[in-house]
Amino acid sequence: MNSLIDNKLKVLEATSKQYWNIPRETAVHLSLLIKACKYQNILEVGTSNGYSAIWLAEAAKQTNGNVTTIEFFEERINLAQNNLKDCQLDQYVKIKHGKALDIIEVLTKQINNAELRLFDFIFIDANKAESIDYFNALDPLLLKGGMFVADNVTSHESEMKDFLYLFNNHPGYQVSYLPFGGGTLIGLKRNFLLYN
Ligand SMILES: C[S@@+](CC[C@H](N)C(=O)[O-])C[C@H]1O[C@@H](n2cnc3c(N)ncnc32)[C@H](O)[C@@H]1O
C-alpha cells in the first residue's frame, strides 16, 4: 500500500459513519483474501464514496485484476470516482450506475453472451433486505473456488434473515465470519473436485 492511498484512506475514515464504510479491519481482511487467492474479477454491490472500492482496487492492481462496483446514488458515484482518481486506482474500477438488481441482470446477460468472465470475488454491501435476491442472482455468476462476502450480518441480522438461513446452510459454500463492525460473512464456493 503506497502512502498516497494510505493517506486518502485515513482521510476517508474520518467520515466513515456518514458514508457507511466498512471498518479498516474488515477491509484489510478482504484485501488479504484477494491477494492470497489471486482473485482478479471482483464485483462490489454498494460503492458509496469508494472507501471499500479503494481497498478492492489496490488488491486487484496486485493480482492484475479489476473491480466492478454498483451504486444508484449519483452524488456518491462522483465522490467514489474522485477518490479512486486521487489514489491513481480509477483505471482498475468500473462504476455501474443503477439499481443493483437491474445492473446484475445486465451483467448476467453479458456473461451469458461471453462478453464478460465470471466473477471470483463478490462483496455485497447495499440494501440489506435485498441480500437474498443479490445472492440468488449472483451465485451463478461466481466461479467455483471464488468467495461471496456479505457485510452487516450482525448489525442487520433481521433484514438479512432469509439470506443468512440460506447461506449458512448452503452445501455449496464453506462459511466463516469476521467479527468487526457490523459483522461480515465470508463463503468459499466449493469446488467439489478440489475441496471437501
Ligand atoms: C453500506 S454503503 C456501501 C459502503 C461501501 N461498500 C464502503 O464500505 O465503502 C451502501 C451503499 O449502497 C447503495 N445502495 C443501496 N441500495 C442500493 C441498490 N438497490 N442499488 C444500488 N446501490 C444501492 C447506497 O446508496 C450506499 O451508498
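Tutor: What follows describes a helix pair and then the shell around the ligand. The model is a predicted one. Two packed helices are described by the angle between their axes and the distance between the axes. For helix α2, residues 24–37, and α3, the axes come within 9 Å and cross at roughly 20 degrees. Angles under 35 degrees count as roughly parallel, and α2 and α3 are therefore roughly parallel to each other. The crossing in which α2 passes α3 is right-handed. On the α2 side, the contact is made by A27, L30, S31, I34 and K35. On the α3 side, the residues in the contact are S52, W55, L56, E58, A59, A60 and Q62. Sorted by class, this contact of α2 with α3 has seven nonpolar, three polar and two charged residues.

The ligand comes next. It is surrounded by 18 residues, and the closest are W20, G46, Y51, S52 and A100. Two elements give two or more residues to this shell: α3, which spans 51–62, and β2, which spans 66–71. S52, listed among the closest residues to the ligand, is also one of the α3 residues in the contact with α2. By class, the shell around the ligand has eight nonpolar, five polar and five charged residues.

To recap, α3 takes part in the contact with α2 and also gives two or more residues to the shell around the ligand.

Conventions:
Residues are numbered from 1 along each chain as its sequence is written. This is a predicted model: local features need pLDDT of at least 70, side-chain atom pairs count only at pLDDT 80 or more; totals for chains, interfaces and linings use all residues. A residue is near a molecule or strand if its C-beta atom, placed from the backbone, lies within 6 Å of it. Helices (H or I, at least four residues) and strands (E, at least two) are DSSP runs, numbered from the N terminus. Ala, Val, Leu, Ile, Met, Phe, Trp, Tyr, Cys and Pro count as nonpolar, Asp, Glu, Lys and Arg as charged, and the others, Gly among them, as polar. Axes are lines fitted to C-alpha atoms, for helices over the stretch in contact, and angles run from 0 to 180 degrees between N-to-C directions. Angles under 35 degrees count as roughly parallel, over 145 as roughly antiparallel, 65 to 115 as roughly perpendicular and the rest as oblique. A crossing is left-handed if the near helix is turned anticlockwise from the far one by less than a right angle, and right-handed if clockwise. Two residues are in contact if their C-beta atoms, placed from the backbone, lie within 7 Å.
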